[in-house]
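Thanks for coming. I will walk through one structure today, starting with a term and then going from the chain to its parts.

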Amino acid sequence: MDPEAARTARESLDLAFHMSNILDTGLDRHTLSVLIALCDLGLNPEALAAVVKELRREPSPSLPMPTTPPSVP
């Protein structure tokens with residue numbers, strides 16, 4: 001990617017991230033970048049939004065507690 005295209009892409013992401021913050025979407029810059037890339041690849045933005053909403057609705061799985069092996073006498 002040439003420097004001018006990289007600068008334009010960065011500025012576009014900055015603008016999209018600023019709008020995302022104004023709309024209080026809760027998306028971080030990396031997630032927003034991935035979603036934009038998926039849209040650029042032709043995925044339906046409304047379908048992506050539905051997936052994001054659904055993932056936020058689901059409780060996050062709790063991490064299993066580490067178990068210590070029984071001590072050998």
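First, a term: a residue is buried under 20% relative accessible area, exposed over 50%, and partly exposed in between, using a 1.4 Å probe and protein chains only. Now the ground rules. This is a predicted model, so local features need pLDDT of at least 70 and side-chain atom pairs count only at pLDDT 80 or more, while totals for chains, interfaces and linings use all residues. Residues are numbered from 1 along each chain as its sequence is written, and side-chain values use heavy atoms, with hydrogens and water left out.

On to the chain. The chain has three helices and zero strands, in the pattern α-α-α along the sequence. Helices here are DSSP runs of H or I with at least four residues, strands are runs of E with at least two, and both are numbered from the N terminus. Of the 73 residues, 12% count as buried.

Is Leu32 buried or exposed? Leu32 has 10% relative accessibility, so Leu32 counts as buried. Leu32 sits in helix α2. Leaving aside residues up to four places away in sequence, Leu32 touches Leu13, Ala16, Phe17, Ser20 and Leu27, where contact means heavy atoms within 4.5 Å. Ser20 and Leu32 are twelve residues apart in sequence, and their C-alpha atoms are 8.3 Å apart in space.

Next, the loop between α1 (3–22) and α2, which holds Asp24. Asp24 is not a glycine, yet has a positive phi of about 55 degrees. Asp24 is exposed, because its relative accessible area is 67%.

Now the pair α2 and α3. Their axes come within 10 Å and cross at roughly 145 degrees. The axes are lines fitted to C-alpha atoms, for helices over the stretch in contact, and the angles run from 0 to 180 degrees between N-to-C directions. Which residues make the contact? From α2 there are Leu35, Leu38 and Cys39, and from α3 there are Pro45, Leu48 and Val52. By class, that contact has six nonpolar, no polar and no charged residues. The nonpolar class is Ala, Val, Leu, Ile, Met, Phe, Trp, Tyr, Cys and Pro; Asp, Glu, Lys and Arg are charged; the others, Gly among them, are polar.

Leu43 is in the loop between α2 and α3. Leu43 is partly exposed, because its relative accessible area is 39%. Not counting residues up to four places away in sequence, Leu43 touches Leu38 and Leu48.

Last, the largest pocket, with about 280 Å³ of space. On a 1 Å grid over the protein atoms alone, a pocket is an open set of points where a 1.4 Å probe fits, with protein on both sides within 12 Å along at least five of seven lines, and lining residues have an atom within 4 Å of a point. Points are joined across faces, edges and corners, and the volume is the space filled by probe spheres set on them. α2 (29–40) and α3 (45–57) each supply at least two lining residues, and α3 gives the largest share, six. The lining has nine nonpolar, one polar and two charged residues. Among them are Thr25, Leu32, Lys53 and Arg56.
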